[in-house]
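Me: Could we go through the ligand site first, and then the pockets? Please begin with the term you will need for the contacts.

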Amino acid sequence: MAKIIGIDLGTTNSCVAVIDGGEPLVLPNSEGSRTTPSMVGFTEDGEQFVGQQAKRQAIINPGRTIYDIKRLIGHKFKSDLVSRYAKLLPYKIVENTNGDAWVEVNSQPYSPQEVSAMIMRKMKQTAEDYFGEEITEAVITVPAYFNDAQRSATKDAGKIAGLTVRRIINEPTAAALSYGYNKGQDVNLIVFDLGGGTFDVSVVQLRGGVFEVVATCGDNELGGEDFDRAILEFLLERFKSDTGIDVSEDNMALQRLKEAAESAKCELSTLSETNINLPFLAVDDSGPRHLSLSLSRSQLNDLVHELVERLESPCLTALKDANLDKSRIDDVLLVGGMTRMPLVQEKVEEIFGKKPHKGVNPDEVVALGAAVQSGILGGEVREVILLDITPFSLGIRVAGDRFSPIIPKNSSIPTMATKVFTTTEDKQDMVTVTVLQGESEIASRNKLLGMFNLTGIPQAPAGTPRIEVTFEIDTDGIVSVSAKDLKTNVSQTITVEGHSGLSDEELARAIQRNTKKSA
Ligand code: AMP
């Protein structure tokens, strides 16, 4: 049977694992590292490097080094996140024809899906080197709080990389699989996952080989990059007040400051104070100007205080949704590099009243869990059953900009649900079904997944036609919706997949461009 690989496609680092001899195993890349920076570098003539080599060239080639691409995937160019994010980013973000955020390198636009595919291709290559055979199938992890557009986009990235994506699985769920695999204990587990770009928290019950996710919550716009940014802004301010020079438009200086900010953050997880020295950051009439200062852990804690506070509310919501008091939690599993930060660990202990479990490597546990899921699909792992849920409520817009949920959040997937609606006007022969995802009662505050019209409704007084709307969520968390007039049986269906993503032509072009490159 063909091998299926498990890929953790992280905002900052990616990791690939497989089941080998019944056990999950992380595979080292060609440079010997167990994780690969999620970075793609381009040369002026379009040559590409992925991983460590891209990271190395970032300072000298900032406009052509793409990082954090996972933050853009499935996002519109005009969204708040992208406009906030585009500031202080050394590379260029552009709007494609249907309003999605793409990046531009060497005057050539690339979708986030295609850039992610370049990273996945390196993961694929790592596994092919290990097994000495072509790998064509993968399980890919995404943050639990990824919405439909982001999941579909991740699947497209897999296709561009030449992989059939057998399953999209939530990162905290993968972490729980890795933690509980072969453990055989009954446990109420919290998976607290703070990575480079996103925050997820899940409540998982492990009962005799059955892994049931009972609630999940999070923040798609909170991660290590925000911590780096807080430090970066502090450094920019400090340099400006010391020298009068604003380097926020200087890409090379920005890249150096960003790297220094991240290193300082990581060092302060083990040290109480660190030095930041950036010689020749700018030049003025008096000659070269340097940045040199020391940063203490307590200063860092002040800079990121608000970000750490934002971790609490999703945790409380997850506990409430799971109907569990924190006293019934047996273990708290930390996932994602940011959970190494002492202030984050203190916050976790404060929220759950328990010291977190330290027995797993937060950089590898998600990929290992993806490998366990691959083993389940490939038949190598038989004793595990996984029951996952959908993190958002799904429904449609009804009169008065109200949201009518059809599938409530935290429902087990796959799932299907139906509700019957009617018309609001006499002789109305068409209804527009607006598919939304979110928790607000006000429709326009939720995320628009797609719209379609059901036409040919026989003319009748308002309130008489009966229109049945059916929502279906598959095991990847991808949604399809249909509407049927119960009198005529005329129906319309959309798979929401693809709505905010690549058109068929864009996907075909990206596949062709990347196949040619690797041939
Ligand atoms: P991940 O997405 O799980 O790879 O997490 C990456 C994030 O964790 C990045 O923002 C890193 O800067 C951060 N990180 C990694 N190591 C540490 C550390 N020792 N202390 C604080 N943050 C860290």
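Reply: The model is predicted, so local features need pLDDT of at least 70 and side-chain atom pairs count only at pLDDT 80 or more, while totals for chains, interfaces and linings use all residues. Residues are numbered from 1 along each chain as its sequence is written, and side-chain values use heavy atoms, with hydrogens and water left out.

Me: Which residues come nearest to the ligand?
Reply: There are 13 residues around the ligand, and Gly196, Glu262, Lys265, Ser269 and Met338 come nearest; being near requires a heavy atom within 4 Å.

Me: Moving on, how much space lies in the largest pocket?
Reply: The largest pocket holds about 720 Å³. A pocket is an open set of points on a 1 Å grid where a 1.4 Å probe fits, with protein on both sides within 12 Å along at least five of seven lines; lining residues have an atom within 4 Å of a point. Its volume is the space filled by probe spheres on those points.

Me: Which residues are closest to its centre?
Reply: Thr12, Asn13, Gly337, Met338 and Asp363, out of 33 lining residues. The lining of the largest pocket comprises 7 nonpolar, 15 polar and 11 charged residues, with Gly counted as polar.

Me: What about the second largest pocket: what is its volume?
Reply: The second largest pocket has about 550 Å³. It is lined by 23 residues, of which Tyr145, Asn220, Glu221, Phe392 and Lys447 are closest to the centre.

Me: Which domains does that lining draw on?
Reply: Domain 1 (4–222 + 312–389) and domain 3 (394–495) each give at least three residues to the second largest pocket. By residue class, this lining has 4 nonpolar, 10 polar and 9 charged members.

Methods: Domains from an automatic or database assignment.
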